[in-house]
Amino acid sequence: MIEVKDVHKSFNDNEVIKGVSLSLNEGEVVTILGPSGSGKTTFLRCLNFLETADSGSITVNDEQVTFGQANANDILQLRRQMGMVFQNYALFLNKTAKQNIMEPMVIVHGFSVKEAEARAAELLEAVGLPDHGDYYPAQLSGGQKQRIGIARALAVHPAVLLFDEPTAALDPELVGEVLKVMKGVKDAGVAMIVVTHEMQFAYEVSDRVIFMADGVIVEEGTPQQIFEAPKEERTKAFLNRFTVQ
């Protein structure tokens, strides 16, 4: 469903992504692990053109876009097939939870207000916040904000959801409620690429785990292969600090 080939990205003379390739099948969940500065978040942002990759390509459902050559329409068409969930929520502070979910449906995808309201109500129920539609972000906890962010990303039935450290900004007691919603997304058959430090989640939910360091993929495999029998010393050193059950 998604094929990413040979992505390179530099900031001035510093090459942070060094020829990364990745494929993702329909309904598959791939988590990307790695130390800070490994390039994993930059890579994720390149996929949605929040950062402009220097070279490489991405194909989503047979529609190919070449990094460095994409025009505004190419980027718009690609973004219509992707949802993005940010670690800092990225909600509109002057809009209610329901309005935040409705905004991309109405403005970008041409839903009628009635259609968008119905979809927003459905998604508020799905993320466990059916009575919070009229709350503003300032009235929500971090976990609730992130669940609204996930609902917004799901609103337009994307082919894939991209998660950039979705629990990084949360207090520990709020992490579980977001991970529960993400598991529900997987159960619904939505493909996901997740950059995360939540090792237990990666072990339990992933179909495939990728370990990145220094701008390259060091190793990838099933959760069992990566967590229980990693082959590369760099992977072993990173995972040595974590225990999964």
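**Close-up views of two sheets in a predicted model**

**View 1: the β1-β2 pair.** Strands β1 and β2 run antiparallel and are joined by eight bridges. This is a predicted model, so local features need pLDDT of at least 70 and side-chain atom pairs count only at pLDDT 80 or more, while totals for chains, interfaces and linings use all residues. Residues are numbered from 1 along each chain as its sequence is written, and side-chain values use heavy atoms, with hydrogens and water left out. Look for F11, whose bridge partner in β2 is N14. The hairpin has two residues between these strands, and N12 takes a positive phi near 55° there. A quick word on terms: strands (E, at least two residues) and helices (H or I, at least four) are DSSP runs, numbered from the N terminus. Two strands pair if DSSP finds at least two bridges between them.

**View 2: the four-stranded open sheet.** Here the strand order is β2-β1-β4-β5, and the pairing is antiparallel. At the edges sit β2 (14-24) and β5 (63-66), each pairing on one side only. On average, neighbouring strands of this sheet are turned by 20° against each other, direction ignored. Angles run from 0 to 180 degrees between N-to-C directions, and axes are lines fitted to C-alpha atoms, for helices over the stretch in contact.

**View 3: β1 meets β4, with a helix on the sheet.** Strand β1 (residues 2-11) runs antiparallel to β4 (residues 55-60), with five bridges joining them. Spot H8, which stands opposite S55 in β4. Helix α1 (residues 40-47) packs on the sheet and touches β1, β2 and β4; its direction makes about 120° with that of β1. Contact means heavy atoms within 4.5 Å.

**View 4: the six-stranded open sheet.** Follow the order β6-β7-β8-β3-β9-β10, and you'll find mixed pairing. The edges belong to β6 (82-85) and β10 (216-221); each has a single partner strand, so one side of each is left without a neighbour in the sheet. If you're wondering what holds such strands side by side, strands of a sheet pair through backbone hydrogen bonds, either parallel or antiparallel.

**View 5: β6, β7 and helix α5.** Four bridges pair β6 with β7 (residues 160-164) in the parallel sense. Within this pair, V85 stands opposite F163 in β7. Helix α5 (residues 142-154) lies across β6 and β7, running at about 170° to β6. Zooming back out, the chain has nine helices and 10 strands.
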